Amino acid sequence: MANIEQITRKAYAKINIGLDVLRRREDGYHELKMIMQTVDICDDLVFEKAAQPGIVIQSDNEELPVDGSNLIYRAADLLMREKKITEGVKIALTKRIPIAAGMAGGSADAAATMHGVNELFGMGYSIQELQELGVKLGADIPYCLVGGTMLSEGIGEILTPLPAPPDCFLVVVKPDINVSTAFVYGNLHADRLTYHPDIDGMVEALRSGSLCGITDRLGNVLETVTIKEYPVIEQIKELLRNMGAENALMSGSGPSVFGIFTERKAVETAARAVADKQLAGQIFVSTFHSGAAE
Ligand code: ATP
């Protein structure tokens, strides 16, 4: 009797519509003030109990390791050790979220795994308990466990839910470059930043449902490091704006870029323009999504 039960979860990507770094703390972490937003780009995870002990990951993406370094493995292992589960689990991943892109794909998979394993083995963890455990694996995991629109402070663990932005369309683009998050934070001089995005103003714009209040305030201080290294990011932002985006921004530490549009027709034309100019290998037409837990 190998497979007793099966559970499917979706793991949604996030973008940052605002990202500020307030300071570098003595422990080396950066104190952040960000607005996180789930987007309708997701990985699928299928969980099955197995009679053999252990965690087995099957992935359709050859780039990703399926050993103990995969965040899916680490998340399942964390919960199964805590609850002393002796059965095994098989987890099948269909990967769509661009990897190492500033879209928290690994954290989203880890969060979906915590939900999946919690349910599969009837562990009974509350969301808050999962968040407390999850932050040990990654600062974005507490957010990914709930998703939606959130103000995220501290190192990412202090979360305040916000109203979702008004409906609109997105083009999300991942150029074919690999950006290390550690490199970006390592080269950011938080004390020398001359510009800080108006995160408080954006919170107000979300509360009043003003799309232009949001798009006028898009800002990410990590662009100062990543765009200097990879000017293609600025080229993509300019192209998206020229193609009708209300505004465009790099997400997280990059290199993903998104443009916010009010017209469906314009998103499709803009996505084609990015493809025609061969500025990126991964291009998505998407929308905002309300939450992660599905
Ligand atoms: P963030 O926005 O949180 O910085 P990211 O989008 O930049 O995340 P991820 O896609 O989460 O980056 O991947 C970062 C690293 O984590 C990659 O180098 C990858 O090898 C590793 N990793 C481990 N498990 C996973 C997973 N399930 N999915 C994606 N990456 C994973």
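1. K84 is exposed, at 69% relative accessible area (exposed means over 50%, buried under 20%, partly exposed in between; 1.4 Å probe, protein chains only). Its phi is near 50 degrees, a positive value in a residue other than glycine. K84 sits in the loop between α1 (71-82) and β4 (88-94). Helices (H or I, at least four residues) and strands (E, at least two) are DSSP runs, numbered from the N terminus.

2. This is a predicted model: local features need pLDDT of at least 70, side-chain atom pairs count only at pLDDT 80 or more, and totals for chains, interfaces and linings use all residues. Residues are numbered from 1 along each chain as its sequence is written, and side-chain values use heavy atoms, leaving out hydrogens and water.

3. Q278 also deserves a look. Its phi is near 55 degrees, positive in a residue other than glycine. Q278 lies in the loop between α10 and β11. The residue is exposed, with a relative accessible area of 70%.

4. Check the peptide bond from G254 to P255: it is cis, with omega near 0 degrees. P255 belongs to the loop between β9 and β10. Most peptide bonds are trans, and most residues other than glycine have a negative phi.

5. Four strands form an open sheet in the order β9-β10-β7-β11, paired antiparallel (pairing requires at least two DSSP bridges between two strands). β9 (247-250) and β11 (282-286) are the edge strands, each pairing on one side only. Within the sheet, β7 (residues 169-174) and β10 (residues 257-261) share five antiparallel bridges. V172 has F258 in β10 as its bridge partner.
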